[in-house]
Amino acid sequence: MKNSATCPLLVVGSVAYDSVKTSAGSRQDALGGSAMYFSLSSSYFTPVAVVAVVGEDFRERDVGVFKAHRVDISGLERREGKTFRWSGVYGMEDVNTRETLYTQLNVFADFSPKLNREHRRARFLFLANIHPALQLDVLRQMEFRPKLVALDTMNFWIGGNRAALAEVVRQVDVLFMDEGETRQFAEEANLIRAARKILSMGPRGVVVKRGEHGVLLVQNASLFAAPAFPLERVVDPTGAGDTFAGGFMGYLASTGDLSPRGLQRAVVLGSVMGSFTVESFSMERLHALRHEEIEARYRAFIELFKVSPLRNGQSLPWRNAAQPSD
Ligand code: AMP
């Protein structure tokens, strides 16, 4: 990919060492970060390049994980100092609740993404959760407007950097936010109205992430809801959102189908990829998936909400013809 003129998909985000504790166990300094989850997930469908920073302590075997997935790491900067570290603990009964124990920015504190010529021509761009000013800077560096730009953010930036975030939101096509962030950013309690308010700022789609309740895709003329793939055992939800985004963008970059239906399929594939990530700690499952497993789960997933439609002339099984208002 290094010699090709353009890069199909680019992600700018974090590469991290995560220490997490869940009801299934714990991991210390396990490979993580938004760009890591995103690139592995999308790499199953399209060539992908990463722009991120790591410290001197970044392990050679972790570079090998990128390489095994043929991720372009020409934009992975290695700097003096330690790799970004994040630690969280999940509710022992309710895996949907998470408390951040610490965030050590380390080399990430001075992260200033520098895109090379190929990166500046990326056709699809994912701005993972970083400072909105950096996200804007990446957009400014692009030589051409990509076919699709998607953005992820978090409550931290909504509270402290609303103006900069609003400016990025105006310039992107798809926005990923969780329920609380959507309401907070739009200053609107009703989720659909909140998403529509964000659409009026510029994006063509808002993907509202609702954890184990699935995902809502709000577009101007359509509304689409996908459940989360029902799993009997969730080991570690870390990275589910970024893995979702990787499957979503990987599908779009691979097919180029940006129609409302294309975006809906992308949502389903994103959900499928996210469901693998939560079945293990770190990249353990995402790293070693087989095409057949992904496809089998995609097929099983769409069966979940396949309901036979009402055929011509068919109606619901009313008790009788009279209506309460008659
Ligand atoms: P998610 O579970 O989708 O929210 O993503 C978790 C990943 O995001 C972890 O692998 C962390 O290393 C990374 N992360 C956590 N906080 C930040 C932050 N402030 N900036 C960038 N990445 C972060």
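**Entry 1: the ligand**

I begin with a term: a polar contact is a pair of N or O atoms within 3.5 Å, and within protein one atom must be able to donate a hydrogen and the other to accept it, while residues adjacent in sequence count only if both atoms are side-chain atoms. I note that this is a predicted model, in which local features need pLDDT of at least 70 and side-chain atom pairs count only at pLDDT 80 or more, whereas totals for chains, interfaces and linings use all residues. Residues are numbered from 1 along each chain as its sequence is written, and side-chain values use heavy atoms, with hydrogens and water left out.

For Arg 98, a polar side-chain atom lies 3.0 Å from an oxygen atom of the ligand, and for Asp 18 the corresponding distance from a polar side-chain atom to a ligand oxygen is 2.5 Å. Gly 239 takes part through its backbone, where a polar atom is 2.8 Å from an oxygen atom of the ligand.

**Entry 2: helix α2**

Next I turned to the helices, which here, like the strands, are DSSP runs numbered from the N terminus (helices H or I with at least four residues, strands E with at least two). In helix α2, residues 60–68, I find Asp 62, Val 63, Val 65 and Phe 66 buried, where buried means under 20% relative accessible area, exposed over 50% and partly exposed in between, with a 1.4 Å probe and protein chains only. These four cover an arc of only 145 degrees around the axis, which puts them on the same side of α2; the arc is that of the directions from the helix axis to the C-beta atoms. On the other side of α2, Glu 60, Arg 61, Lys 67 and Ala 68 are exposed.

What do the buried residues of α2 pack against? I find that their partners are β2 (16–22), β3 (25–32), α1 (34–43), β4 (48–54) and β5 (72–78), with contact meaning heavy atoms within 4.5 Å. Just after this helix, Arg 70 takes a positive phi of about 50 degrees.

**Entry 3: helix α8 and the cores**

Helix α8, residues 240–255, has 16 residues and reaches 23 Å from its first C-alpha to its last, close to the 22 Å expected at 1.5 Å a residue, the expected span being 1.5 Å times one less than the number of residues. Is α8 largely enclosed or largely open? Since 12 of its 16 residues are buried, α8 is largely enclosed by the rest of the structure; among the buried ones are Phe 244, Phe 248, Met 249 and Leu 252. After α8 comes Gly 256, whose phi is positive, near 70 degrees.

I then looked at the nonpolar cores, each a set of buried Ala, Val, Leu, Ile, Met, Phe, Trp, Tyr and Cys residues joined through side-chain atoms within 4.5 Å. In the largest, which has 56 residues, Val 15, Phe 126, Phe 176, Phe 248, Met 249 and Leu 252 touch the most other members. Helix α9 (residues 260–277) supplies the largest share of this core, eight residues. A second, separate core of 46 residues includes Ala 16, Phe 84, Leu 139 and Val 218.

I also followed Phe 176, whose contacts, leaving aside neighbours within four places in sequence, include Phe 126, Ala 150, Val 207, Phe 244 and Phe 248.

Glu 187 lies in the loop between α6 (179–186) and α7 (191–199), has a positive phi of about 50 degrees although it is not a glycine, and counts as exposed at 60% relative accessibility. Ser 282, in the loop between α9 and α10 (291–304), also has a positive phi of about 50 degrees without being a glycine, but Ser 282 is buried, with a relative accessible area of 10%.

Met 283 lies in the loop between α9 and α10 and counts as buried at 4% relative accessibility. Not counting residues up to four places away in sequence, Met 283 touches Leu 31, Gly 32, Met 36, Tyr 37 and Leu 40.
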